[in-house]
Structures are given as C-alpha cells and as structure tokens.
Amino acid sequence: METVFAPEMAVLHPDSTTKPFWDACRERQLVYPECESCGTVRMPPASVCPKCGSSPLIWKPATGLGTVYSYTVARHSFHVMVDDFLPYVIAVIALDDAPVRLISNVLGISPEDMYVGLPVSVVWDEAKPGVVIPRFQARSEGDQ
C-alpha cells in the first residue's frame with residue numbers, strides 16, 4: 001500500500017479521550033464519538049461535551065464511505081522527510097453515514113484528477129507496526 005509519509009513520522013500520542021479512536025483504527029474499524037448523555041457528536045473527541053457538559057462517550061461505527069468535501073495539494077515540502085512523497089493530497093472527507101468530517105489523505109489519485117464531491121472509501125495505512133492511520137482512495141463503480 002502507498003503511504004504518505006516516512007514511517008519515522010508516524011508517531012501517535014493518544015490520551016484517554018482519543019485512545020479509543022486509535023485502538024479502533026488498529027483493528028481497521030472507523031469510529032466516531034457521540035456524547036452518551038445528549039447524543040452530540042464530538043469529532044475531534046473532546047473530554048467534555050460542548051452542549052451538555054457531560055464527559056462519557058459512546059463510540060459509533062462508520063462504514064468509511066464518504067465524499068471529498070474540500071482538499072488541497074501539498075506541492076512544497078515542510079520537512080525533509082516528506083520530500084520524496086510530493087505532491088500529496090490533503091482532504092476533508094464527509095462520511096456518508098456519520099455526521100463527521102475527517103482530515104486525511106487521498107491516495108492513488110493524481111492531484112489533477114481530484115475534485116470536490118469525489119466518492120471515496122477508507123483504506124488502512126499501517127505506517128509502522130501498531131500505528132494504523134485511516135486514509136482514503138477513490139471509490140470504484142462497484143463500491144456502495
């Protein structure tokens with residue numbers, strides 16, 4: 001599988017709020033957090049609900065199907081470790097079955113072929129052992 005960055009850059013520091021998300025990713029499951037008390041979606045996860053002030057979260061599954069809501073193409077390096085990966089696409093993905101948007105990368109597509117509204121599906125980038133990151137790729141005709 002194509003990766004976006006050098007494995008040395010794949011460093012996670014999850015806290016008690018974000019750990020369930022990264023644990024699910026390691027199992028190749030995409031999830032999003034919802035307030036247990038009022039149902040407000042908290043993505044990115046937050047330790048306190050902005051609506052009701054409650055802390056407990058419920059983690060809901062998502063299919064990983066979505067569309068490109070917005071994107072940019074990185075053509076200039078911000079660090080020597082990404083020089084060999086240019087250009088790459090950074091996108092905001094609106095999930096089809098979850099009221100969240102994720103910032104990720106779209107792999108396997110040339111920047112010239114990117115567009116807002118592109119149907120995508122999640123792919124799992126095991127950047128290094130134990131670090132699995134959700135990325136996206138263009139959906140084929142058969143994907144629902």
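How many residues lie between β6 and β7 in their hairpin, and which residue in the turn has a positive phi? In this predicted model, two residues separate the two strands of the hairpin, and G130 in the turn has a positive phi of about 85°.

**Strand β6 and its partners**

Strand β6 covers residues 119–128. Seven of its 10 residues are buried, and the strand is thus described as mostly covered. On one side of the pairing list stands β7 (residues 131–138), joined to β6 in the antiparallel sense over eight bridges. Strand β3 (residues 65–74) also runs antiparallel to β6, with three bridges between them.

D125 belongs to β6. Its side chain makes a polar contact of 3.0 Å with the side chain of R135. D125 counts as buried because its relative accessible area is 3%, below the cut-off of 20%.

| Residue | Relative accessible area | Class |
|---|---|---|
| D125 | 3% | buried |
| F21 | 8% | buried |
| W22 | 21% | partly exposed |

**Aromatic rings**

A pair of aromatic rings is described by the distance of the centres and the angle of the planes. The model contains one aromatic pair. F21 and W22 form this pair, with 5.0 Å from centre to centre and 85° between the planes. The arrangement is edge-to-face because the angle of 85° is over 60 degrees.

Another ring, that of Y69, has the charged end of R101 over it, 3.6 Å from the ring centre.

Technical notes: Residues are numbered from 1 along each chain as its sequence is written. This is a predicted model: local features need pLDDT of at least 70, side-chain atom pairs count only at pLDDT 80 or more; totals for chains, interfaces and linings use all residues. Side-chain values use heavy atoms; hydrogens and water are left out. Rings of Phe, Tyr and Trp (its six-membered ring) pair if their centres lie within 6.5 Å; planes under 30 degrees apart count as stacked, over 60 as edge-to-face and the rest as tilted. Buried means under 20% relative accessible area, exposed over 50%, partly exposed in between (1.4 Å probe, protein chains only). A charge sits over a ring if NZ of Lys or CZ of Arg is within 6 Å of the ring centre and within 35 degrees of the ring normal. Helices (H or I, at least four residues) and strands (E, at least two) are DSSP runs, numbered from the N terminus. A polar contact is a pair of N or O atoms within 3.5 Å; within protein, one must be able to donate a hydrogen and the other to accept it, and residues adjacent in sequence count only if both atoms are side-chain atoms. Two strands pair if DSSP finds at least two bridges between them.
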